[in-house]
Amino acid sequence: MRFLLINPGTEMKHKQFNREPPQGLLYIAANLEKHEHEVRILDLPGRKLQLDEPDAVGITCLTNTFNKAISILSLIHISEPTRPY
């Protein structure tokens with residue numbers, strides 16, 4: 001399976017914060033890769049949101065990134081799986 005894990009980033013008007021790497025997403029990615037899944041991590045802001053038809057999407061969220069995470073997720077539509085799990 002192909003997974004896309006998203007870190008929405010923290011920012012305010014005219015100010016961007018550099019946080020530590022999203023450790024939770026990195027743990028998840030390492031475990032998925034260990035089980036031979038394809039994983040991409042998208043660290044926003046700084047990159048355009050591009051989806052290559054992943055099978056599943058995960059997003060990390062803090063209190064101050066909740067609204068941004070919801071707006072990102074509202075842009076994502078993944079079709080129903082075509083194979084049984």
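Predicted model: local features only at pLDDT ≥ 70, side-chain atom pairs only at ≥ 80, totals over all residues.
**Exercise 1. Element order**

Solution: Now check the tally: the secondary structure comes to two helices and five strands.

**Exercise 2. Confidence**

Task: Find where confidence is lowest and where it is highest in the protein.

Solution: Begin with the whole protein. Its mean pLDDT is 79. A value of 70 or more is reached by 68% of the residues. Next, go element by element. Strand 3, residues 15–17, has the lowest confidence, with a mean of 66. Helix 1, residues 23–34, has the highest, at 94.

**Exercise 3. Burial and contacts**

Task: State what share of the residues counts as buried, and what share of the contacts with a separation of 6 or more joins residues 24 or more positions apart.

Solution: Take burial first. The protein has 85 residues, and 25% of them count as buried. Then turn to the contacts. Among those with a separation of 6 or more, 67% come from residues 24 or more positions apart.

**Exercise 4. The surface**

Task: Decide whether isoleucine 70 counts as buried, exposed or partly exposed, and name the nonpolar surface patch that contains this residue.

Solution: First, the total. The protein exposes about 6,600 Å², with 52% supplied by carbon and sulfur atoms. Second, locate the residue: isoleucine 70 sits in helix 2, residues 66–74. Third, apply the cut-offs. Buried means under 20%, and exposed means over 50%. Isoleucine 70 has 43% relative accessibility, so it counts as partly exposed. Last, the patch: Phe66, Ile70 and Leu73 make a nonpolar surface patch of about 260 Å².

How values were computed: Residues numbered from 1 in each chain as written. Heavy atoms only, no water. Helix = DSSP H or I, 4+ residues; strand = E, 2+ residues; numbered from the N terminus. Buried < 20%, exposed > 50% of the residue type's maximum accessible area, 1.4 Å probe, protein only. Contact = heavy atoms within 4.5 Å. Areas by Shrake-Rupley, 256 points an atom, 1.4 Å probe, with all protein chains shown as cover. Patch = residues over 30% accessible without salt bridge, like charges linked within 9 Å, V, L, I, M, F, W, Y side chains within 5 Å. Salt bridge = Lys/Arg side-chain N within 4 Å of Asp/Glu carboxyl O. pLDDT = per-residue confidence, 0-100.
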